[in-house]
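Here are my notes on this model, point by point. Please read them with the coordinates open.

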Amino acid sequence: MAGRFAPRPTRASVRGGEGVVPAGGVPAGGLPRQAVAPGKVRVWVPDGPLELGLVLGPLRRGPGDPTFRTMPDGSVWRASRTPAGPGTLRVTARGGEMRGEAWGPGADWLLEQLPRMLGADDDPAAFVPRHRLLAFTAHRRPGLRLARTGLVMESLIPSILEQKVTTLEAYQAWRLLVRKYGELAPGPAPGRMCVMPSARTWAMIPSWEWHLAGVDNKRASTILRAVRVAARLEEAAGMEPAAAQERLEVVSGIGPWTSAETVQRSHGAPDAVTVGDLHLPGIVGFALGGDRDADDSVMLRLLEPYAGQRHRAARLVLLSGRVPGRRAPRMAPRGIERL
């Protein structure tokens, strides 16, 4: 039975794991359906190992994310709303080179950001393992780089949707809202890929549509407060991660958990450890200290030797596969859209 069924992704596995990028050639039907003119191209050669699915995996919000797709030819597609407008980016790894091809008004911006998105600003050598488990995992997965998108809102809004709900609920809400209120991704993007809505469009979504997507009023109101100051929050992309978190947390409803989840992606922040998570303290506590009941304070104490690299250490813990077994059934979705 091994290998026949892919494990269901969880918030922890997506944040710390990877997007599965198939290897090999393109089977029949594996290419995008519509044929359009070639996009703009940039080739970048990283200065060390780089595993594409491992780097870009945390940017995917569930297997049905309309803004993210992996293809049988090994390419990764992303649809983003850039400062220059909507854009679609296809990234392919070939022989140590990373080839980016982009379409739409945001094509130039996406290609300019391509090296940073693939971890050019990241420094894996700054991480010094203090635990044998992390040393082994870092050696086994040398292609781990921390992606830096340079886009705040595209990471902030889905992070707010993930507050205090199951991953299935959050992913479903993101999928429904982006497909209904976003716009089709430019270029030959695989079917049904969309660019997330603009700040103005998010602000115009009726209250009943939030409810039908399974989003309670608290999370919807937080998103509405955030999009009203979207321009100011996007400015945080040029700040240091700690300062960016402070700016995000000025908005009521955005706390340390949400701001950390955001800057991990928008800034590639190696030290932005997630606190307030339901599962992460127990996973880190079990892996590094044998304590499956660890809370945030215990987790931070265990990660203290990795100051400056605590997020990377947490990702390596998740990649190690050393997680405690379940002691209770998976939390059932609340399904507030049925109320």
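1. Buried here means under 20% relative accessible area. By that cut-off, α6 has these buried residues: Thr167, Glu169, Ala170, Tyr171, Ala173, Trp174, Leu177 and Val178. Bear in mind that the model is predicted.

2. The length of α6 checks out. It has 15 residues, which at 1.5 Å a residue should span 21 Å; the end C-alpha atoms are 21 Å apart, so the two agree.

3. Next, the largest nonpolar core. It holds 33 residues. Those touching the most other members are Met153, Leu156, Ile157, Trp202, Trp210 and Val215.

4. What does methionine 153 contact, leaving aside its neighbours within four places in sequence? The partners are Pro158, Met196, Ala226, Val227, Ala230, Leu233 and Glu234.

5. Now the strands. β5 (residues 97–103) is mostly covered, with 5 of its 7 residues buried. Strand β1 (residues 40–44) runs antiparallel to β5, and 5 bridges join them. Across that pairing, lysine 40 stands opposite alanine 102 of β5.

6. β5 also pairs with β4 (residues 85–94), again in the antiparallel sense, over 7 bridges. Threonine 92 has arginine 99 in β5 as its bridge partner.

7. Check the turn as well. The hairpin of β4 and β5 has 2 residues between the strands. There, glycine 95 takes a positive phi near 55 degrees.

Definitions and conventions:
Residues numbered from 1 in each chain as written. Predicted model: local features only at pLDDT ≥ 70, side-chain atom pairs only at ≥ 80, totals over all residues. Heavy atoms only, no water. Core = buried A, V, L, I, M, F, W, Y, C linked by side-chain atoms within 4.5 Å. Buried < 20%, exposed > 50% of the residue type's maximum accessible area, 1.4 Å probe, protein only. Contact = heavy atoms within 4.5 Å. Helix = DSSP H or I, 4+ residues; strand = E, 2+ residues; numbered from the N terminus. Pairing = 2+ DSSP bridges. Expected span 1.5 Å × (residues − 1).
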